[in-house]
Amino acid sequence: MDYLSFATKAATRQERSAQWRNITQAPHAELGDDQEASIRGCDLGDLRICAVSMGEHQIDSVGQHCGPDRHNLIKILFMEEGHCDIVQSGQTIRLDSGRWCAFDKAVSYSMIAPQATRLLALALPRHRFAAWDKGARQPILPQSFLQGAASILHSSTSAAVNAATAMGRRDRGQMGNALIQMLNTVWDADPVAQSANSTRARRLAVIDFVDRNLADRDLDVARIAQEMGYAKRTLHKLFADDAETLGRMIWHRRLDRCRQDLLDPAQAHRSITDIAHYWGFNDSQHFSRSFKGRFGETPRAFRSSRLFH
């Protein structure tokens, strides 16, 4: 697979599930609702990256049945929205939004999500991931990717899915090597020392709340303060050293979500206005101006140049 862009298009859940099994070669995949599922992926040398959007689902993978070129892979998941349970070797790992984990694809596993999810999946040979090369054999428990080196890794791999379409095979291989090196750097990075009551921890908790509630049109500083038990002045102080205010951060994150939906083949049937309204923008013209100000082109031009060509 050099590059893949696919969305389920069928009348029934059974047909969509069959389409998903066919495109991903999963031994068992059951899509449990009417939401379309989509996947965009690319191979960067030894590294495979896939951006996946799905509704309720269960995916089962039988490790010993994988092909000879895939049986030694490590799978890494960044959960960007929603949550899922990963069941492997009698152990269940809950992967929540804003967290990432790693596990061995050679061992049978199941992924179970009771609601819509959006995630970034990486796969690479076991010998190229320092954690397994040094003897780790159990799943790496979820850690946050909202801060430090892990946030850089997530942002870089997410951008690579789109950038790969304009890169040659040699350049993709070099980019894959760079991202694998970054992954190992993240694994060996010094842990961030912080207490549960530290300013950094509280800021991350606020950011996590924002990300989980971006579709709520009433989300603002006052609502966050009420839900999290902070004074509005305290919230403003938590983000006083940032280049943007908390209110501006909410605005930018909503624009980022709109951008992601405009790129998603599974959302192609939705109008730009519908997507903007879903993420809390009530004025279509204001949204269009804001989108152009942040990304350099109107939502319509952005979608037309990337999704349909």
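## The hairpin of β3 and β4

In the hairpin formed by β3 and β4, two residues sit between the strands, and G45 has a positive phi near 65°. Strands here are DSSP runs of E with at least two residues, helices are DSSP runs of H or I with at least four residues, and both are numbered from the N terminus. This is a predicted model, in which local features need pLDDT of at least 70, side-chain atom pairs count only at pLDDT 80 or more, and totals for chains, interfaces and linings use all residues. Residues are numbered from 1 along each chain as its sequence is written, and side-chain values use heavy atoms, with hydrogens and water left out.

Strand β3 covers residues 38-44 and strand β4 covers residues 47-54; the two pair in the antiparallel sense over seven bridges. Two strands count as paired if DSSP finds at least two bridges between them. S38 has S53 as its bridge partner in β4. Strand β1 (residues 3-7) is also antiparallel to β3, and five bridges join them. There, I39 in β3 is the bridge partner of F6.

Is β3 mostly covered or mostly open? It is mostly covered, with seven of its seven residues buried. Buried means under 20% relative accessible area, exposed means over 50%, and partly exposed lies in between (1.4 Å probe, protein chains only). S38, R40, C42 and L44 point one way from β3, while I39, G41 and D43 point the other way, and all are buried.

## Helix α4

Helix α4 runs from residue 169 to 188 and has 20 residues, which should span 28 Å at 1.5 Å a residue; its end C-alpha atoms are 29 Å apart, which agrees. The expected span is 1.5 Å times one less than the number of residues.

The buried residues of α4 are R172, G173, G176, L179, I180, L183, N184 and V186. Seen down the axis of α4, they fall within an arc of 155°, so they line one face of the helix. The arc is that of the directions from the helix axis to the C-beta atoms. R170 and Q181 are exposed on the other side of α4.

Helix α6 spans residues 221-228, and V221, I224 and A225 are buried in it. Looking down the axis of α6, the buried residues fall within an arc of 100°, so they line one face of the helix. What covers them includes α5 (199-212), α7 (232-238) and α8 (246-263).

At the N-terminal end, D220 caps α6: one of its side-chain oxygens lies 3.2 Å from the backbone nitrogen of A222. Such a polar contact is a pair of N or O atoms within 3.5 Å; within protein, one must be able to donate a hydrogen and the other to accept it, and residues adjacent in sequence count only if both atoms are side-chain atoms. Just after α6, G229 has a positive phi of about 80°.

R217 is in the loop between α5 and α6. At 45% relative accessibility, R217 counts as partly exposed. R217 and H277 are 60 residues apart in sequence, but 8.5 Å apart in space, C-alpha to C-alpha. A polar atom of the R217 side chain lies 3.0 Å from the backbone oxygen of H277. Leaving aside neighbours within four places in sequence, R217 is in contact (heavy atoms within 4.5 Å) with R254, H277, Y278, G280 and N282.

## Cysteines

How many disulfides does the structure hold? It holds zero disulfides, a disulfide being a pair of cysteine sulfur atoms within 2.5 Å. For C50, the nearest cysteine sulfur is that of C42, 7.5 Å away. C50 counts as buried at 11% relative accessibility. For C101, the nearest cysteine sulfur is that of C84, 7.3 Å away. C101 counts as buried at 1% relative accessibility.

Q88 lies in strand β7 (residues 84-88). Q88 is buried, with a relative accessible area of 6%, and its side chain reaches the backbone oxygen of D104 at 2.9 Å.

Most residues other than glycine have a negative phi. S89, which is not a glycine, has a positive phi of about 55°. S89 is in the loop between β7 and β8 (91-95) and is exposed, with a relative accessible area of 62%. Q25 also has a positive phi, near 60°. Q25 is in the loop between α1 (13-24) and β2 (28-31) and is exposed, at 71% relative accessible area.
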